[in-house]
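I opened this model to go through the chains, their contact and a few single residues. My entries follow in the order in which I looked things up.

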Amino acid sequence: MMTKSIASFLLGTALAVSATGAAFAQDKTVKIGALSDQSGLYADLGGPGSTLAAQMAIEDSGLAAKGWKIDIISGDHQNKPDIGTAIARQWFDVDKVDVIVDVPNSGVALAVNNVIKEKNGVYINSGAATSDLTNAQCSPNTVHWTYDTYMLAHTTGQALVKAGGDTWFFLTADYAFGAALERDTTAVVTANGGKVVGGVKHPLNTPDFSSFLLQAQASKAKIIGLANAGGDTTNTIKQAAEFGIVKGGQKLAALLLFLTDVKAIGLETAQGLNFTETFYWDMNDQTRAFSKRFAEKMKNNAPPTMVQAGVYAGVRHYFKALEALGGNPHDGAKVVEKMKSMPTEDDLFGKGEIQPNGRTIHNAYLFEVKKPSESKGPWDFYKLVGTVPGDQAFTPLSESKCALLKK
Amino acid sequence: MQALYAQLLVGLINGSFYALLSLGLAVIFGMLNIINFAHGALYMMGAFVAYFLLNLGGINYWWALLFAPIIVGIFGMILERTMLQWLTGLDHLYGLLLTFGIALIVQGVFQNYFGSSGLPYAIPDQLKGGMNLGFMFLPVYRGWVVIFSLVVCIATWFLIEKTRLGAYLRAATENPTLVRAFGVNVPRMITLTYGLGVGLAALAGVLSAPINQVRPLMGADLIIVVFAVVVIGGMGSIMGSIITGFALGVIEGLTKYFYPEASNTVVFVLMVLVLLVKPTGLTGRAA
């Protein structure tokens, strides 16, 4: 008994020593925190699917075979900035998380941005839209992967103004995201000779839009710009059809629309809508192959949204930077700097780069929702209408107010 | 001015849902003394049952209006038999907590299987389109919702306040022992009443399915407002909850026009004001 315990004590000491030795040489442990809306109106476009995407990125990176130990935890910010920052703080302080991914909801995303900068972590944001993340509020610890409000405004917005939609009325979600999207789109509308004739700010997660739609109808604007997302957008589009808004000659601009939204609205109502995304599962063989693997693991067999795809691609690029560094320095700013120095390339978004302000640049695609007769499968929703190269879609560095650019 | 008429009408439409839901709550509270927090989840189940009936059974909207409340009502009666009945005579808090728990479980299960963005349910062909009223374009379906729920509300009020069955019910709430002595099966009546209240919730769910998304959280978003309606109207008052439901819909509609940012808080501000002035609610009797 005595000898056994001494033996195990010695063994334990030996293990502890060797473990410290390894850590001293090259730390190959990584902890990822997937922070998202896990159950609310943005849960389907990010949520558990984003965690799955991060997991697939871990598996596909093949780092485990090279001696890396990578863990992932997930959290539900419930679309509340205070909850989001509390989780982020706990993850850094207690759980020793290195990188936080996803974080839809611009309000939460901006709040978490500050925490990550303070804790010197890595922030790979895919779900949030606000262009402020890489503009006025940019951070050396942040990479904004998938899309932003500037891009949405300069693709969908611009295309609509150029097609003759020169008077706009906005239905805007009353928080950071809606405000940013309305601001960026208004800039595009006025720059192209159009005019914003009015708008209404609605609370996040509104079930009934009829009052707001009537105001939009009464404004006689040619375009009703939807500066909202997720469940709010689907409800607006559905109810706009009911009130005969499109039949009355006004056009809806779904500035931000996700695959899961189209599914929720149904093609019958959604057909013909124009919008922009940076990823669609049915683009090429690579995206189809990834999406097939992804859908098999999703509980409702849904292919990835662009947000979930962005989580995957962002995490893969993060791993490439860590590999290039030869280990995890647990220094967020240093890792992000490495990420920016390497061109991005993956199966989902193709070739691109991360600008000094943290903005990932890649192509944006203008889509149109298919007619029910054109759709061949349960998720066959989009027709490609045009491609906007990344350098034209996103904020030019000359227009960016990011402090990182002034060095 | 035209815009104002339109907002009033839109408010009336939302008020229909508030009225139907708060009516069910008032019936259950008035007769069973249970604060039924599962009401939102049961409303959501009504919408989902309609969705399943259509997509799995090919049963259309009109039959769903009949079957969904029956199916969900039976589910409610099972809940009452197996769980709620044991709480008779205990503090309100127990019923509230139990039904709140049931609501969370039901919502969680639906969310696990159907996600959060919801499923589409088309407006039935007969009610598609709209009519131009001069001051607004009224979708036929919305007009139908207002009329139909008004009829249902008045019928329920009539059933409880003006018929012999309703008299039994009210008597059983006042003095169950005495009513039992007259040979009335009180527990069965209570179960049926709960089923009726739940059926009303499910009916509201079917009505709202074509307007809103059929979503697991559709009830959770609504239930708090509906509780405020019940509190303002006076707990347990049938007519009070109907009138308050419609009235608050209109007030909320007007807020959406004049100050949209406050549209989801105005009901609660009113609730606070009413409670300050008349703690039993507008039509409530002192306990």
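**Chain B.** I began with burial in chain B, where 52% of the 287 residues are buried; a residue counts as buried if 20 or more other C-beta atoms lie within 10 Å of its own, as exposed if 12 or fewer do, and as partly exposed in between, with C-beta atoms placed from the backbone. This is a predicted model, in which local features need pLDDT of at least 70 and side-chain atom pairs count only at pLDDT 80 or more, while totals for chains, interfaces and linings use all residues. For my own bookkeeping, residues are numbered from 1 along each chain as its sequence is written, and chains are lettered from A and ligands numbered from 1 in the order in which they are written.

I then listed the secondary structure of chain B, which comes to eleven helices and two strands; helices (H or I, at least four residues) and strands (E, at least two) are DSSP runs, numbered from the N terminus. Read from the N terminus, the order of the elements is α-α-α-α-β-β-α-α-α-α-α-α-α.

For the overall shape I noted that chain B has a radius of gyration of 19 Å, which agrees with the value near 19 Å for a compact globule of 287 residues; the radius is taken over C-alpha atoms, and the globule rule is 2.2 Å times the number of residues to the power 0.38. Along the principal axes, the C-alpha atoms of chain B fill a box of roughly 60 × 50 × 35 Å. Among contacts in chain B between residues at least 6 apart in sequence, 76% join residues at least 24 apart, a contact being two residues whose C-beta atoms, placed from the backbone, lie within 7 Å.

**Confidence.** Chain B averages a pLDDT of 89, and 98% of its residues score at least 70; pLDDT is the predictor's confidence in each residue, from 0 to 100. Chain A averages 91, with 94% of the residues at 70 or above. Over residues 12-25 of chain A, however, the pLDDT is below 50, and this stretch has zero contacts in the model beyond near neighbours in sequence. I left that stretch alone, because coordinates predicted with low pLDDT should not be read in detail. For the complex, the predictor gives an ipTM of 0.81 and a pTM of 0.84.

**Chain A.** I found 14 helices and 15 strands in chain A. Its radius of gyration is 23 Å, close to the 22 Å that the globule rule gives for 407 residues, so chain A is as compact as a globular protein of that length. Of these 407 residues, 58% count as buried.

**Where the chains meet.** The contact takes 34 residues from chain A and 32 residues from chain B. On the chain A side, strand S7 (195-202), helix H7 (210-218), helix H8 (230-242) and helix H9 (259-265) each supply at least two residues. I sorted the chain A residues that touch chain B into eleven nonpolar, 16 polar and seven charged, where Ala, Val, Leu, Ile, Met, Phe, Trp, Tyr, Cys and Pro count as nonpolar, Asp, Glu, Lys and Arg as charged, and the others, Gly among them, as polar.

**Helix H3 of chain A.** Which residues of H3(A) are buried? I found Gly84(A), Ile87(A), Ala88(A), Trp91(A) and Phe92(A). They cover an arc of only 130 degrees around the axis, which puts them on the same side of H3(A); the arc is that of the directions from the helix axis to the C-beta atoms. Asp82(A) and Asp93(A), on the other side of the helix, are exposed. What covers the buried residues includes strand S1 (29-36), strand S2 (69-76), strand S3 (99-102) and helix H4 (106-119) of chain A.

Lys80(A) sits in the loop between S2 and H3 of chain A and is partly exposed, with 16 other C-beta atoms within 10 Å. Asn120(A), in the loop between H4 and strand S4 (122-125) of chain A, has a positive phi of about 55 degrees although it is not a glycine. I noted this because most residues other than glycine have a negative phi. Asn301(A) also has a positive phi, near 55 degrees, and is exposed, with 12 other C-beta atoms within 10 Å.
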